[in-house]
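User: I've got a model open and I'd like to learn how to read it. Can you walk me through some strands and helices?

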Amino acid sequence: MNSVLENSYAWTGSFVEAINKLSCDVANLIFSSLTLTSDSALPSPSHASDASGGISSVVPAAADSASGDKALPSLAQLWQDTLVLFAFDEFQYLLLKIFLAIILSNVCAIYIAWYIYGARISERFMTHNTSPEELDQQILQLKLPKEHSQRYSLNESAAATTTGATTSKNVPATTKRHEPTNEAKIAGQAALARLEGMKTSAPKLNTSYAAIQARVKKELEQEKLAVAQENVKSSSSVAISQAPILAVSGVYYRCPLVSEEVLDKETWYDRIQEFFSSQLSDDEAGLSACLIIHSCNDGADEIRSCVDILCKYLDNIRNDPVERKYWKIRMSNRIFKENVKKLRGTMEFLKAAGFAEEKLMHQGGEEDFLVWSPERCSIDNLTTLVDALQSAESVQLLLDRNVQVLLPSQAAERSELPAEFYSLSAEDIKREQTERAKAVERNQMLMTQAMREKLMKDKERKYRFTLIRIRFPDGIILQGTFAVDEKFEQVVEFVKENLLNEQLPFYLITATREKLTEVDLEKSLESLNLVPAVVLTFFWDSAAANAQVPSQCLKEETLSLLQSM
């Protein structure tokens with residue numbers, strides 16, 4: 001590379017020198033040519049006097065002929081010098097070829113582009129010579145609407161606007177508008193006032209504490225009056241059945257890992273499944289399926305049973321990969337249908353493990369099978385999937401309290417609980433009937449202490465959630481949703497979070513006038529029999545009796561959740 005650069009520098013210097021020499025030769029040649037031309041046109045050379053005026057010189061004729069003889073060698077020298085300029089080396093010839101190739105390719109590209117798009121460019125950008133008559137004809141063909149016709153000012157006449165212009169149609173004269181009189185203005189204002197009075201808007205709920213207290217007092221009086229009237233008419237009136245109003249519309253959860261939304265469980269399962277599918281690539285489909293199995297299905301026992309069966313399928317192949325009977329899973333098998341197929345993520349897991357659906361002959365007919373192939377998944381990958389399935393953890397859903405603030409009349413109307421609060425499904429009812437049939441057999445057999453405790457626990461687990469209502473001294477009711485296995489301490493924390501003054505001590509009592517103390521904080525709501533719905537009464541502690549107890553118990557933010565009638 002250095003040698004190439006050195007040659008380039010030497011060539012540049014020689015090029016400059018050749019240019020200078022060529023310029024001198026051209027100048028001498030032109031001068032010689034002019035000298036020959038002038039000598040042929042003039043007579044014999046004349047005498048000239050020098051500066052002193054006394055000395056004269058004569059130009060000999062031989063000098064003129066010598067100048068003409070020098071012209072031809074000068075042209076030859078000029079040609080030789082020109083050829084020296086183009087004495088390139090190999091590197092310079094390569095650069096010259098590259099430049100010529102670039103120029104020729106650009107010329108060809110321009111020619112091809114113009115050949116293809118030349119007509120469009122000409123039609124789009126070239127101006128057409130259109131006569132005024134053709135322009136008028138094109139304007140008439142546009143069929144402009146009436147609003148584009150000539151307009152007049154309110155204070156101008158038609159004659160003033162049409163001066164200097166020739167039109168084919170007679171323009172009607174416009175009348176000048178006058179200022180309305182005072183009587184007309186008063187009548188217009190009265191009409192606007194009547195229109196404003198006719199407009200109706202929904203009254204806004206007054207959330208001030210004084211207004212809320214007045215509403216509570218009024219509703220308590222109406223409730224007492226309604227109870228008295230119902231007792232009078234109970235002997236002669238017939239009760240009319242009405243559809244009950246649910247206390248809550250359902251049970252809702254939060255999942256901070258995915259988003260801050262509050263949704264029901266089934267919707268969250270769909271969101272979590274989509275989240276795992278989008279976060280993990282196709283190569284990690286097995287890991288995604290493991291997380292979906294643990295996070296998007298109900299019942300710890302059902303999930304554990306499904307995991308054990310799936311691991312058994314893969315362990316059989318790992319322990320004896322030659323035995324082909326372990327390669328097939330009949331999809332109509334009862335254990336597979338009840339414990340594996342109905343759970344989310346199981347089919348994706350088996351697909352990642354190398355299984356694929358195929359129709360095979362079984363007992364004289366075709367049935368659907370899941371068939372494993374070593375080409376789709378190796379033994380090492382099966383080991384990895386088994387470890388991932390056994391060690392995967394579920395994404396926990398946090399129960400939303402679904403906080404509501406109710407008036408006494410609203411709390412009395414909304415007394416029914418949704419089906420989500422009960423753990424007994426249609427299958428559970430059938431199972432309970434079977435258990436009752438077996439109860440006679442259990443009573444006739446000896447049972448250990450562990451067996452009796454398990455039987456009692458199964459009887460107690462009939463509810464999954466409980467609705468806790470806190471009645472405050474001012475009559476307002478605070479409502480929240482809890483799981484039956486949560487501690488009573490969670491209820492106390494729920495009340496503190498909504499109090500106007502969290503520092504003042506308080507206590508809660510049940511409907512049977514039992515005071516819940518600090519001893520009950522670590523007990524579950526189910527063990528305290530606070531299921532499936534309970535109303536607890538709020539009292540300020542005696543230690544706070546001497547202090548200034550506020551008449552308003554709840555925060556303004558909580559009172560703003562007061563349900564409208």
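User: Let's start with strand β12 (residues 465–471). How many of its residues are buried?

Analyst: Keep in mind that this is a predicted model. Six of the seven residues of β12 are buried, so the strand is largely enclosed by the rest of the structure.

User: And which strands does β12 pair with, and in which sense?

Analyst: The general idea is that strands of a sheet pair through backbone hydrogen bonds, either parallel or antiparallel. Here β12 pairs with β13 (residues 477–483) in the antiparallel sense, over seven bridges. With β16 (residues 533–540), β12 pairs in the parallel sense over five bridges. To find these pairings on screen, look for arginine 471 with its bridge partner isoleucine 477 in β13, and for arginine 469 opposite valine 535 in β16.

User: What sits between β12 and β13?

Analyst: The two form a hairpin with five residues between the strands, and glycine 475 there takes a positive phi near 95°.

User: Now the open sheet. What is its strand order?

Analyst: Three strands run in the order β5-β4-β9, with antiparallel pairing. β5 (259–263) and β9 (398–399) are the edge strands, each pairing on one side only. Three bridges join β4 (residues 253–255) to β5, and cysteine 255 stands opposite serine 259 in β5. Helix α8 lies across β4 and β5, at about 145° to β5.

User: Moving to helix α9 (residues 285–295), is it enclosed or open?

Analyst: For a helix, you can count buried residues and then ask what covers them. Nine of the eleven residues of α9 are buried, so it is largely enclosed by the rest of the structure. Among those buried are Cys290, Leu291, Ile292 and Ile293. The cover includes α8 (265–279), α10, α12 (346–352) and α13 (379–391).

User: What about α10 itself: how far does it reach?

Analyst: You can compare a helix's reach with what its residue count predicts. α10 (residues 300–319) has 20 residues and reaches 28 Å from its first C-alpha to its last, close to the 28 Å expected at 1.5 Å a residue. Its buried residues include Ile303, Val307, Leu314 and Ile317.

User: How do α10 and α11 cross?

Analyst: Their axes come within 9 Å and cross at roughly 125°, α11 being residues 334–341. That angle makes α10 oblique to α11. By class, their contact has seven nonpolar, two polar and no charged residues. On the α10 side you'll find Ser305, Cys306, Ile309, Leu310 and Tyr313, which meet Ile335, Phe336, Asn339 and Val340 of α11.

Technical notes
Residues numbered from 1 in each chain as written. Predicted model: local features only at pLDDT ≥ 70, side-chain atom pairs only at ≥ 80, totals over all residues. Heavy atoms only, no water. Helix = DSSP H or I, 4+ residues; strand = E, 2+ residues; numbered from the N terminus. Expected span 1.5 Å × (residues − 1). Buried < 20%, exposed > 50% of the residue type's maximum accessible area, 1.4 Å probe, protein only. Contact = heavy atoms within 4.5 Å. Pairing = 2+ DSSP bridges. Axes fitted to C-alpha atoms, helices over the stretch in contact; angles between N-to-C directions. Parallel < 35°, antiparallel > 145°, perpendicular 65-115°, else oblique. Nonpolar A, V, L, I, M, F, W, Y, C, P; charged D, E, K, R; others polar.
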